[in-house]
Amino acid sequence: MEGILLLIVIGAVAGWLASFIIPNGFGLIGTIIVGIIGGVLAGHFLGGVLSITSNPLVNSIIVGFVGAVILLFILRLVKAA
């Protein structure tokens, strides 16, 4: 249960930070979902590369942020096409 709650909080923070770089109109729930999906994708593909700090929580937020920015960029490209 704690893991799911932590995933939601990290996703919310990552999505919220990413929305400053690439604004979206998804609202709070959409931003959390983008942050979670972006974090999972980035963690899978970039997890070892983006280990910047020794704090796993900060690393999770950074990886989630990068993943959310990439995901928002892709969604914007798909929406524009």
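In this predicted model, the buried residues of helix H3 are covered by elements that include H1 and H2. The buried positions of H3 are Asn59, Val63, Gly64, Gly67, Ala68, Val69, Leu71 and Leu72. H3 comprises 25 residues, and the distance from its first C-alpha to its last is 36 Å, close to the 36 Å expected at 1.5 Å a residue. At the start of this helix, a side-chain oxygen of Asn55 lies within 3.0 Å of the backbone nitrogen of Leu57.

Helix H1 spans residues 2–21; its end C-alpha atoms are 29 Å apart, which agrees with the 28 Å that 20 residues should span at 1.5 Å a residue. Burial in H1 involves Ile10, Gly11, Ala14, Gly15, Ala18 and Ser19. Viewed down the helix axis, these buried residues fall within an arc of 170 degrees and therefore line one face of H1. They pack against helix H2 (27–46) and helix H3 (56–80). The face of H1 turned away from this buried side carries the exposed residues Glu2, Leu5 and Phe20.

The largest nonpolar core is formed by seven residues, namely Ala18, Ile22, Val34, Ala68, Val69, Leu71 and Leu72. H3 is the greatest contributor to this core, supplying four residues. In soluble globular proteins, nonpolar side chains tend to be buried together. Within the core, Leu72 has contacts with Ala18, Ser19, Ile22, Asn24, Phe26 and Val34, when its neighbours within four places in sequence are left aside. Among these partners of Leu72, Ala18, Ile22 and Val34 also belong to the largest nonpolar core.

Technical notes. Residues numbered from 1 in each chain as written. Predicted model: local features only at pLDDT ≥ 70, side-chain atom pairs only at ≥ 80, totals over all residues. Heavy atoms only, no water. Helix = DSSP H or I, 4+ residues; strand = E, 2+ residues; numbered from the N terminus. Expected span 1.5 Å × (residues − 1). Buried < 20%, exposed > 50% of the residue type's maximum accessible area, 1.4 Å probe, protein only. Arc of directions from axis to C-beta. Contact = heavy atoms within 4.5 Å. Polar contact = N/O pair within 3.5 Å; in protein donor to acceptor, adjacent residues only side chain to side chain. Core = buried A, V, L, I, M, F, W, Y, C linked by side-chain atoms within 4.5 Å.
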